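Good morning. I will take a few minutes to walk through one structure. Please have the sequence and the picture in view.

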Amino acid sequence: MITEVILKEKQQEQKLNGFSFEEIGDDHLFTGLETPMKPDAFKISDKEKKEKISILFEEIMNVMGLDLTDDSLKGTPKRVAKMYIDEIFSGLNPANKPKVALFDNKYQYNQMLVEKNITFYSNCEHHFVPIIGKAHVAYISSGKVIGLSKLNRIVQYYAKRPQVQERLTNQIAEELKGILETDDVAVIIDAKHLCVSSRGVKDDTSSTVTSYFGGKFNTQEKIAELQNTLNY
Ligand SMILES: Nc1nc2c(ncn2[C@@H]2O[C@H](COP(=O)(O)OP(=O)(O)OP(=O)(O)O)[C@@H](O)[C@H]2O)c(=O)[nH]1
Ligand SMILES: [Zn+2]
């Protein structure tokens with residue numbers, strides 16, 4: 001847990017930089033889980049970002065010797081820019097954070113709820129190539145119930161950033177803990193990193209499993225129950 005001292009230091013740092021954490025856009029700024037962002041990350045609009053990326057990507061293609069007058073290639077810089085900002089990295093912008101519907105737990109359902117096999121596509125922040133995986137998230141209600149699809153949307157929102165799997169796992173867990181007002185949250189991610197399978201070491205059979213077991217989930221018994229539910 002973050003101490004007040006660290007919080008104050010961070011706030012001071014922010015003040016010095018002249019930006020608030022809302023402007024940088026990451027709710028996890030004070031928890032050490034933030035996606036590293038520049039303080040002025042949202043000083044220019046998405047439209048301007050796309051224009052700049054398009055110019056820069058055109059330059060990359062030019063340097064590589066590609067002929068941008070070719071009718072198949074000429075639209076690529078714009079396509080890439082649009083894909084980065086509106087699609088695969090749209091989770092960097094807090095304006096795209098899913099709105100979450102919560103309901104009262106009138107059903108008195110007090111056991112764990114598991115949303116399993118949530119498909120996500122992310123990108124490795126080291127190589128900017130895909131991470132493709134499944135996330136399984138679980139929680140025990142502390143009084144509120146979340147709309148099921150919102151669990152998938154939260155996973156996908158954080159996946160749509162340049163990521164490492166460890167951070168993705170913890171960002172999802174922290175988000176759920178905050179929304180559901182409970183520590184009783186678990187997240188398991190099983191993903192293939194194309195930077196491992198399609199290049200570099202080229203291992204096509206390995207996958208990476210990460211987990212977060214908070215509160216009541218952090219016991220051998222609950223972990224075993226969860227593993228059993230997920231057939232792990
Ligand atoms: N911990 C962690 N590492 C990751 C993740 N995604 C990719 N990596 C690793 O990040 C490392 C980057 O290492 P470098 O040695 O700088 O990069 P590289 O020369 O391209 O390494 P190789 O992939 O081994 O060719 C690689 O070992 C990747 O496998 C992730 O989600 N978590
Ligand atoms: Zn990588």
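I will go through confidence first, then the sheet, the ligand, and a few single residues.

This is a predicted model, in which local features need pLDDT of at least 70 and side-chain atom pairs count only at pLDDT 80 or more, while totals for chains, interfaces and linings use all residues. Residues are numbered from 1 along each chain as its sequence is written, and chains are lettered from A and ligands numbered from 1 in the order in which they are written.

Now confidence. pLDDT is the predictor's confidence in each residue, on a scale from 0 to 100. Its mean over the chain is 91, and 87% of the residues reach 70 or more. Where does pLDDT stay under 50? One such stretch is residues 1–7, which has 4 contacts beyond four places in sequence in the model. A contact here means two residues whose C-beta atoms, placed from the backbone, lie within 7 Å. Residues 12–17 are also below 50, and that stretch has 4 contacts beyond near neighbours in sequence. The model as a whole scores ipTM 0.94 and pTM 0.90.

Next, the overall make-up. The chain has 8 helices and 7 strands. These are DSSP runs, numbered from the N terminus: helices are H or I with at least four residues, strands are E with at least two. Of the contacts with a separation of 6 or more, 65% join residues 24 or more positions apart. Buried residues make up 22% of the 232 residues. For burial we count other C-beta atoms, placed from the backbone, within 10 Å of a residue's own: 20 or more is buried, 12 or fewer is exposed, and in between is partly exposed.

Now the sheet. In what order do its strands run? The order is β5-β2-β3-β6-β7, in an open sheet of 5 strands with mixed pairing. Two strands pair if DSSP finds at least two bridges between them. At the edges stand β5 (162–163) and β7 (208–213); each has a single partner strand, so one side of each has no neighbour in the sheet.

Look at β6, residues 185–193, which pairs with β3, residues 130–140, in the antiparallel sense over 9 bridges. Within that pairing, Ala135 stands opposite Ile189, and His136 has Ile188 as its bridge partner. With β7, β6 is again antiparallel, over 6 bridges; there Val187 has Tyr212 as its partner. Is β6 enclosed or open? Of its 9 residues, 7 are buried, so β6 is largely enclosed by the rest of the structure.

Helix α6, residues 165–180, touches β2 (112–124), β3, β5, β6 and β7, and its direction makes about 155° with that of β6. Helix α8, residues 220–230, touches β2, β3, β6 and β7, at about 70° to the direction of β2. For these angles, axes are lines fitted to C-alpha atoms, for helices over the stretch in contact, and the angle between N-to-C directions runs from 0 to 180 degrees.

On to ligand 1. Which residues are around it? They are Cys124, His126, Val164, Gln165, Glu166, His193, Cys195, Val196, Gly200 and Val201. A residue belongs here if its C-beta atom, placed from the backbone, lies within 6 Å of the molecule. The elements giving two or more residues to this shell are α6 and α7 (194–197). By class, the shell has 5 nonpolar, 4 polar and 1 charged residues. Nonpolar covers Ala, Val, Leu, Ile, Met, Phe, Trp, Tyr, Cys and Pro; charged covers Asp, Glu, Lys and Arg; the others, Gly among them, are polar.

Last, some single residues. Ala41 sits in the loop between α2 (21–24) and α3 (46–63). Ala41 is partly exposed, with 17 other C-beta atoms within 10 Å. Ala41 and Leu92 are 51 residues apart in sequence and 9.4 Å apart in space, C-alpha to C-alpha.

Ala101 is in the loop between α4 (76–88) and β1 (102–104), and is exposed, with 11 such atoms within 10 Å. Leaving out residues up to four places away, Ala101 touches Gly147 and Lys150.

Lys202, in the loop between α7 and β7, has a positive phi of about 50° although it is not a glycine. Asn231, in the segment after α8, also has a positive phi, about 55°, and is not a glycine either. Lys202 counts as exposed, with 8 C-beta neighbours inside 10 Å; Asn231 is exposed too, with 6.
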